Amino acid sequence: MNQAARHIGRTLAFVLPVVLVLSGTLAVTRVPWAAPADSQVLTASSDNASTQARIRAPHEVLHDKLLTELQEKNPGVALSHLQEATNGRPSLARHCVEIARSLGRAAVAKYGPRQAQRYARPVCDTSYASGVQSR
């Protein structure tokens with residue numbers, strides 16, 4: 001009986017780590033973020049990349065986000081978020097006028113001048129209103 005227990009113990013000591021390693025490897029290869037085997041992946045040092053990635057400035061990202069909000073919701077929401085962004089990140093304040101004017105022009109394109117003017121707020125020295133008027 002003692003020999004049988006030793007034999008089982010030795011077998012488990014050898015087989016168990018192999019099973020755990022294999023099951024862990026299989027689990028990692030099946031996660032959803034793993035790239036499919038047929039996809040082409042370019043490394044950062046790839047010389048034959050077709051386009052160079054452009055790092056966008058924070059004010060450009062904010063501008064695009066707010067224009068999308070204006071289209072999906074309304075200019076009031078976008079202007080509120082512009083004010084919050086400039087209060088939270090003072091480095092964006094120098095771009096506030098440009099962004100607000102752009103929002104004003106986009107609002108006129110979507111709603112017309114009268115409806116767009118209804119959303120005017122004193123964000124960035126009334127630059128939104130000047131953007132509405134410039135259309």
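Gly 131 counts as buried because its relative accessibility is 0% (buried means under 20% relative accessible area, exposed over 50% and partly exposed in between, with a 1.4 Å probe and protein chains only). Its place is in helix α6; helices here are DSSP runs of H or I with at least four residues, strands are runs of E with at least two, and both are numbered from the N terminus. Not counting residues up to four places away in sequence, Gly 131 touches Arg 101, Gly 104 and Arg 105, where a contact means heavy atoms within 4.5 Å.

What you are looking at is a predicted model, in which local features need pLDDT of at least 70 and side-chain atom pairs count only at pLDDT 80 or more, while totals for chains, interfaces and linings use all residues. Residues are numbered from 1 along each chain as its sequence is written, and side-chain values use heavy atoms, with hydrogens and water left out.

**The whole chain**

The protein chain has six helices and zero strands, so from the N terminus on, its elements run α-α-α-α-α-α. Of its 135 residues, 25% are buried. Among contacts with a separation of 6 or more, 67% are between residues 24 or more positions apart.

Helix α6 covers residues 127-133, and Ser 127 is part of it. Ser 127 is buried, because its relative accessible area is 3%. Leaving aside neighbours within four places in sequence, Ser 127 is in contact with Val 97, Ala 100 and Arg 101. Ser 130 also lies in α6, but at 30% relative accessibility Ser 130 counts as partly exposed.

| Side chain | Backbone oxygen reached | Distance |
|---|---|---|
| Ser 127 | Cys 124 | 2.5 Å |
| Ser 130 | Ser 127 | 2.8 Å |

Two packed helices are described by the angle between their axes and the distance between the axes. Helix α3 (residues 75-88) and helix α4 (residues 96-111) have axes that come within 11 Å and cross at roughly 175 degrees. These axes are lines fitted to C-alpha atoms, for helices over the stretch in contact, and angles run from 0 to 180 degrees between N-to-C directions.

From α3, the residues Pro 75, Ala 78, Leu 79, Leu 82 and Thr 86 meet Cys 96, Ile 99, Ala 100, Leu 103, Ala 107 and Tyr 111 in α4. The residues of this contact divide into ten nonpolar, one polar and no charged.

**The nonpolar core**

The largest nonpolar core has 20 residues, and Leu 62, Leu 66, Leu 82, Leu 103 and Tyr 128 have the most contacts inside it. Helices α2 (58-72), α3, α4 and α6 each supply at least two of its residues, and the largest share, seven residues, comes from α4.

Methods. A polar contact is a pair of N or O atoms within 3.5 Å; within protein, one must be able to donate a hydrogen and the other to accept it, and residues adjacent in sequence count only if both atoms are side-chain atoms. Ala, Val, Leu, Ile, Met, Phe, Trp, Tyr, Cys and Pro count as nonpolar, Asp, Glu, Lys and Arg as charged, and the others, Gly among them, as polar. A nonpolar core is a set of buried Ala, Val, Leu, Ile, Met, Phe, Trp, Tyr and Cys residues joined through side-chain atoms within 4.5 Å.
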